[in-house]
Structures are given as structure tokens and as C-alpha cells.
Amino acid sequence: MSGTGPGVGGTAYDAGGTAYDAGGTAYEAGGTAYEAGGTAYEAGAASFDALWADLAAIGRDPGTGGYHRLAFTPAELGARDWFAAAAGERALVVHTDRDTNLWAWWVGPWGGPDDPDALVLGSHLDSVIDGGGYDGGLGVASAFAALDAVRAAGLTPTRPVAVAAFAEEEGARFGVACAGSRLLTGALEPGLARGLRDRAGVSLAEAMAAAGFDPDRLGPDPDRLGRIGDYVELHIEQGRGLVDLGAPVGVADRIWPHGRYRLDFSGEANHAGTTEMSDRHDPMLTFAMTVLAANKQARLAGSRATIGRVQVEPNGTNAVPSRVRAWLDARAADEARLGELVEVVARQAGERAERDGTGFALTPESVTAAVDFDRGLRDRLVAAVGRAVGRAVGGAGSGAGSGAAVGGAAVGGAGSGAAAARVARPGGVPVLPTGAGHDAGILASAGVRAGMIFVRNPTGVSHSPGEHAETADCHRGVAALAAVIEDLAC
Ligand SMILES: [Zn+2]
């Protein structure tokens, strides 16, 4: 499964002979409890609307419309209170684990938090700086609403079921993405985590303590992890893959590998007025060329490169800078392509530094391997999504309701680029890779069977106030998640 490009052969979605071929599949029969117009569907939709109305008010900047729910800030703590209230209204049992991840358990004769093989649904409640409201929160609100839909359908579980909200997923405050799930799985060393500092110099340990949590408890929890049988994360799509396909809901099959690298450019500070242009050793020039090179090389390779953070010394209008420090975020369909991209950018930066008489160094800060989600679970998700929404939808765009039964079609839309280059549509449900990291990927890397469901984002914009999902699509996501609970846990 190494993203070899459009029309990959030999997958389950090739024409002919798959479970998703036209005719006779379970979800074509129609009449599930979660189709629009059904009681359970309406119950889930109404629950979602109420949950969303409360959550959407928390941490929102009325000026920009963006969200500021950084870890352990009052807004993020407010979102945690929302979680506890939502769980309480549903008589779910709430736990905050040692890594400050939140859990809400539907406890009954079928089991609870101390029993094995739980189905866990969830996402996260924190945001980036001025982020969108759907990233994370949509998955948590949808999970609660899906439980309501399942209950409205009169179903009871056969295994433990929980809703989770993982802490500090964005890494927007302390710099490590998915910190909560990484701590839980042991992928982030607790001492290292405690010492992480935000831009104001506050350590994670200090922020935790100020918010009423005990930083000394941070650390792996293999018992808790081992009791997760399946983790399913619903998330707003952070690209245009589904928009381009005219589909409201899809299923993920792979998370691209992702690296963050520190770029250090050094030169010689000097007077902006008296220093001849030819006498300068200006690291800003080397930096500027590197930004352009990263952009060009990523375009050429169908990969992603972003330089979105930069520090300049002395940062004066009338001074040639002495140092520029920047961070490169790079992602590609597989590790080999990621390595090639970073190598060529570094080589070109080094060559330019020689011409500029400056210094250049690249330091990897984190490199996260690709994640292939469990194929068995992925296929179950596709079938459940298909049952709930696959054939009952119209929506913006086209095709989703017409239900092309056979996948294998490669789709690479303008906005989705290579990330959507390997999209298959079994039963009309798109299966697509993503360039964004998620807690589901961290758990999958730790051996948990995990999968993801994406909800259409009309603009494809994410990590920005422009992020959006139509309410009807959110309701379809809830229905999809309810169908997943029914399939996996009832
Ligand atoms: Zn997210």
C-alpha cells in the first residue's frame, strides 16, 4: 500500500469480483434505521444540532470566527466541561486519564471501562491558533449524537462503547501534535512532555498544574490502550477529495508520512544603508530561495511542503539580518518520496548558501511514518457508511447518489492533488488517503485497530476560520457513525 499513484492495481476496489460490485450487497437493500427520514436518523440529527450549538460557542473569536482552544487554556477547559456535560446528559461515565485524555463510557451489562475489546469513537477538542470549529469537535459531537441515534433505534451494545477526546492533538501550544495519544501509547516520553514550553515560556507541566491536572501522572497506559478493540475517528476532511467526488462522507485508508524540520540560516548582521549589496552575507536571501524551492519541489513531486513559521534576528527594518530560523513541514505519499523532497530542498538551500556566503543547516525535529489503517475495519466502515448514506444522498455536486458501484477510478482534483490520487469508490463511498496526522494514526501505529471517516468540507480549507461543513453532511456523518456502532458493537 505504498501510494503508487492513480489506478493502483490489485486492490479490493478493482473492477470485478469485489464485495462492492453492483447487485446484492447488504446496504443496497435500503431501509436502515439511519437513513434520512427514519426515527433514529432524526434523533441523531437533533442531538447533533443541540451539542453543536453549545460547543460552537466555546473559544470562538467573534472577530475572525476562528477558534482558540489551545491546551489547558480557559477555552479548552470549557470544551472539556462541554464534554463532561454531554456525557452526563447521556448517563455516560466520564474518566480523565493520566494523560488528560477524556473518556465517556456507555456502561451496562455489556461492559465498561475495565473490560476488554471496547469500541471507542472520538477525536479531539483543542484547536490550532484561529482554527476552524469542525476540526476535532465534529468527531466528538458526532460520536455523542451517534450514540443517541443507536439508542433511539432501540439497540443495546454487545461490547463496551466509549467516546474519547484526546488532549493536545494539534500541538498548537506545546509543539508536539497528538501529545495525548502519544503519551498514552508511550510514543512521547513523559519527562520530555513535561518540559515542553509554549511561546510564553510556560511548560506543559506548569500549564497542566495550573489547570488542575497532575503532571507527574503523565505516561503510557498499556492496560487502557489494550482494552481498545477498535477506534473510529470521524473528522472533517481537510482537503477537497470528497467535494471533487460529490460525496458527503468517505473513509480513510492511509495517512501520509510527515516530517517537521528546523532550518537555520546564518549570516552577518550589518547596516542596511552603508553595506554594499555585494558585501552582504544575508541569510534572508538564502531563506527566501529555500521557501521557493520547497514550494516548487513539492509541486513537481505531488507532495506537500510548507514554511509557515519564521524567526529573524535582529528583526530590524534597517539591518541585514544575522540569523533566520524557519520550520519546514513536509508530507508525501510515502517515506521514499518524503526523503527525496527534503533532500532536494536541503541541497538547493546549501548551494544557495554558498553563493550568499551564509550558513545553512537542516535539523529533523519529528518524522512520523505513514499509517495504513486496518483493511478489515476499513472495509466494515465503508459498508456501514454505504448503508447509512451511500445511496440516499444527493447533495452538492453529483454522483454520490447515483452510486457507481465499482471503484478503482483514480481521482485527483485541483484542490486535493496527489492526496486524492488514489481514491476508490466501493459502493459509491470514497476511500482516500490524507496528508493530515490524527490520533487514529498514533493509535494504529501502537497496534490498535483504527479507522477514520471523513465528512465533506465544501472549501477544503482547514486550520482556518474558513473551515466548514454543511449541517446536512454533519447529520450524514452522525448516521454513518451510528451505523458503525450498530455494525461493530450491537
Ligand atoms: Zn483534527
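**Figure 1. Overview of the chain in a predicted model.** Of the 490 residues that make up the chain, 52% count as buried, and the secondary structure comes to 13 helices and 15 strands.

**Figure 2. Close-up of helix α9, which runs over residues 283-301.** This helix has 19 residues and, from its first C-alpha to its last, reaches 27 Å, which is close to the 27 Å expected at 1.5 Å a residue. Its buried residues are P283, L285, T286, F287, T290, A294, Q297 and A298, and what covers them includes the strands β7 (258-266), β9 (304-313), β11 (323-331) and β12 (359-368), together with the helix α10 (335-356). Just after α9, the residue G302 takes a positive phi of about 70 degrees.

**Figure 3. Close-up of the crossing between helices α1 and α3.** Two packed helices are described by the angle between their axes and by the distance between those axes. Here the axes of α1 (residues 39-55) and α3 (residues 137-152) come within 8 Å and cross at roughly 145 degrees, and the crossing is right-handed.

**Figure 4. Close-up of the residues that make the contact between α1 and α3.** From α1 the contact draws on T39, A40, Y41, A43, G44, S47, F48, L51, W52 and L55, while α3 contributes G137, A141, S142, F144, A145, A146, D148, A149 and A152. Sorted by class, the contact of α1 with α3 has 13 nonpolar residues, five polar residues and one charged residue.

Note on methods
Residues numbered from 1 in each chain as written. Predicted model: local features only at pLDDT ≥ 70, side-chain atom pairs only at ≥ 80, totals over all residues. Helix = DSSP H or I, 4+ residues; strand = E, 2+ residues; numbered from the N terminus. Expected span 1.5 Å × (residues − 1). Buried ≥ 20, exposed ≤ 12 C-beta atoms within 10 Å, placed from the backbone. Contact = placed C-beta atoms within 7 Å. Axes fitted to C-alpha atoms, helices over the stretch in contact; angles between N-to-C directions. Left-handed = near helix turned anticlockwise from the far one by under 90°. Nonpolar A, V, L, I, M, F, W, Y, C, P; charged D, E, K, R; others polar.
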